[in-house]
Amino acid sequence: MLLDALTTPAPAENNPWAVTLPGPRRPLGQLRVAVWAGDANCPVDRDTAEALAAVEEALASAGASVRRTAGPVGFADSLRLFEQLLHATATATTDDDAGAAELAAARALDEDDVSPRAALLRHRTQTHRVWLRANEERLQLRRTWHRFFADAPYDVLITPAAPTAAIPAGTRSLMVDGVERSFFDQTGWANLTSHIGLPSLVVPAGRNMDGLPVGVQLVGPEYADRTLLAMAEELARSTERQT
């Protein structure tokens, strides 16, 4: 229902265009599924890996073609671009004095300063020329993702939703099998496609040893929203039966 609302123009818009999202092209048992199970730039814990493996097994048992694959894009480069484009819009809510102060702080940075604070300042104060180059990189990434789904071909890509289950409120880092990782890893997998415009959603895939829910992310090619929703419903029912 919400998807219909999002894709239907309001009467006041007087819009002649309409979006008709196609339904699933094939049932769950005939889907061609790729699995990007992990990446050194954002490792996942044992519980998450096991939940993902259980989803693979369930899909294979249903008859789907399931194949593990390396990611279609570089993890670190994709997240760098996501952060650059995200922070480029962050100064829209600041006043002129605050903006001028950030520009001065960015100009005062040492060229070899690669700290998170320096990266944030550079992104927030980037020129339009720099942003245009970043946007061109985004378009190139979209083509890479398109080829990934079209050439193999795959209907869906499954990845971890996050490196771990939910972490305690107020925590500024997370532990992955005893190793402390950056807090921002928690959204690393989800941010792979946010700036590319591909449909994605998270579906429950089980619980960890503490009873916390673990999810996996489903990513599809452009306009495959209904395929992802149908697959998510099937996987959610499967998870409920197991628990």
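## The largest pocket

Let's start with what lines the largest pocket of this predicted model: 11 nonpolar residues, eight polar ones and three charged ones. (Ala, Val, Leu, Ile, Met, Phe, Trp, Tyr, Cys and Pro count as nonpolar, Asp, Glu, Lys and Arg as charged, and the others, Gly among them, as polar.) The space inside comes to about 630 Å³. Of the 22 lining residues, those closest to the centre are L79, E83, H87, S182 and F184.

How do you find a pocket? On a 1 Å grid over the protein atoms alone, a pocket is an open set of points where a 1.4 Å probe fits, with protein on both sides within 12 Å along at least five of seven lines; a cavity is a set where the probe fits but cannot get out, and lining residues have an atom within 4 Å of a point. Points are joined across faces, edges and corners, and the volume is the space filled by probe spheres set on them.

Which helix gives the largest share of this lining? That's α3, with eight residues. Both α3 (75-88) and α5 (116-124) supply at least two residues each. Helices (H or I, at least four residues) and strands (E, at least two) are DSSP runs, numbered from the N terminus.

## The second largest pocket

The second largest pocket holds about 420 Å³ of space. It also has 22 lining residues, and R25, F149, P221, E222 and A224 are the closest to its centre. Here the largest share, six residues, comes from helix α6 (residues 128-151). By class, this lining has 12 nonpolar, three polar and seven charged residues.

## The chain as a whole

Now zoom out. The chain has seven helices and seven strands, and along the sequence they follow the pattern α-β-α-β-α-α-α-α-β-β-β-β-β-α. Its C-alpha atoms fill a box of roughly 60 × 55 × 35 Å, taken along the principal axes.

Of the 243 residues, 37% count as buried. Buried means under 20% relative accessible area, exposed means over 50%, and partly exposed is in between (1.4 Å probe, protein chains only). Take the contacts (heavy atoms within 4.5 Å) between residues at least 6 apart in sequence: 70% of them join residues at least 24 apart.

A word on the ground rules: residues are numbered from 1 along each chain as its sequence is written. In this predicted model, local features need pLDDT of at least 70 and side-chain atom pairs count only at pLDDT 80 or more, while totals for chains, interfaces and linings use all residues; side-chain values use heavy atoms, with hydrogens and water left out.

For the 24 residues of α6 that gives 34 Å, and the end C-alpha atoms are 34 Å apart, so the two agree. Helix α4 (residues 96-107) has 12 residues and should span 16 Å; its ends are 17 Å apart, which agrees too.

Back on α6, the buried residues are A134, R138, L141, W145, F148 and F149. Their cover includes β1, α3, β3 and β7.

## A histidine tucked inside

Is H195 buried or exposed? H195 counts as buried because its relative accessible area is 7%. This residue is found in the loop between β5 (179-182) and β6 (200-207). Leaving out residues up to four places away in sequence, H195 touches S78, L81, F82, L85, R138 and L141. The H195 side chain also reaches the backbone oxygen of S78 at 3.3 Å, a polar contact (N or O atoms within 3.5 Å; within protein, one must be able to donate a hydrogen and the other to accept it, and residues adjacent in sequence count only if both atoms are side-chain atoms).

Most residues other than glycine have a negative phi, and most peptide bonds are trans. N14 isn't a glycine, yet has a positive phi of about 50 degrees. You'll find N14 in the loop between α1 (2-6) and β1 (32-35), exposed at 69% relative accessible area. Y223 has a positive phi of about 70 degrees and sits in the loop between β7 (213-219) and α7 (225-242). A cis peptide bond joins A152 and P153, with omega about -15 degrees.

Methods:
The expected span of a helix is 1.5 Å times one less than its number of residues.
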